[in-house]
Amino acid sequence: MKEKNLCPHCGGETAYSARHDALFCPRCDVWLESTCADPACELCAHRPEKPSQANREE
């Protein structure tokens, strides 16, 4: 059985953005993982400030 990831802020269930390779909390509308240091990274370079601003066509 896969263990659920919980948001450290609200305790709600997290979601995963394959487009940005990062966990986020839909309830808090925050990314739970920081971007990498590579300015040319295709996954991080164009990640919006909030997950709700991301194109959800994943």
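Guide: Two residues are in contact if they have heavy atoms within 4.5 Å. What you're looking at is a predicted model, where local features need pLDDT of at least 70 and side-chain atom pairs count only at pLDDT 80 or more, while totals for chains, interfaces and linings use all residues. Residues are numbered from 1 along each chain as its sequence is written, and side-chain values use heavy atoms, with hydrogens and water left out.

Visitor: Of the contacts between residues at least 6 apart in sequence, what share joins residues at least 24 apart?

Guide: Start with the contacts whose residues sit at least 6 apart in the sequence. Then pick out those joining residues at least 24 apart, and their share is 21%.

Visitor: What order do the elements run in from the N terminus?

Guide: Helices (H or I, at least four residues) and strands (E, at least two) are DSSP runs, numbered from the N terminus. The protein has 0 helices and 3 strands. From the N terminus on, that reads β-β-β.

Visitor: Which residue in β2 is the bridge partner of S17?

Guide: Strands of a sheet pair through backbone hydrogen bonds, either parallel or antiparallel. β1 and β2 (residues 22-25) go antiparallel, over 3 bridges. In β2, S17 has as its bridge partner A22.

Visitor: How much of the protein is buried?

Guide: Buried means under 20% relative accessible area, exposed means over 50%, and partly exposed is in between (1.4 Å probe, protein chains only). Out of the 58 residues, the buried share is 28%.

Visitor: How many disulfides does the whole structure have?

Guide: A disulfide needs a pair of cysteine sulfur atoms within 2.5 Å. C7 is buried at 4% relative accessibility, but its closest cysteine sulfur, in C25, is 3.7 Å away, so that's too far for a bond. C44 is buried too, at 13%, and its sulfur is 3.7 Å from the closest one, in C36, which is again too far. The search of the whole structure comes to 0.

Visitor: Which residues form the aromatic pair?

Guide: Rings of Phe, Tyr and Trp (its six-membered ring) pair if their centres lie within 6.5 Å; planes under 30 degrees apart are stacked, over 60 edge-to-face, and the rest tilted. By that rule there is 1 pair. With 5.7 Å centre to centre and 70 degrees between the planes, it's edge-to-face, and its members are F24 and W31.

Visitor: Which residue lies over the face of W31?

Guide: W31 is buried, and so is F24. A charge sits over a ring if NZ of Lys or CZ of Arg is within 6 Å of the ring centre and within 35 degrees of the ring normal. At 4.4 Å from the ring centre of W31, the residue over its face is R47.

Visitor: Where does D21 lie?

Guide: Most residues other than glycine have a negative phi. D21 has a positive one, near 50 degrees, and is partly exposed at 43% relative accessible area. D21 lies in the loop between β1 and β2.

Visitor: And D29, is that buried or exposed?

Guide: D29 has a positive phi as well, near 60 degrees. This residue is found in the loop between β2 and β3. Its relative accessible area is 17%, so D29 counts as buried.

Note on methods: Pairing = 2+ DSSP bridges.
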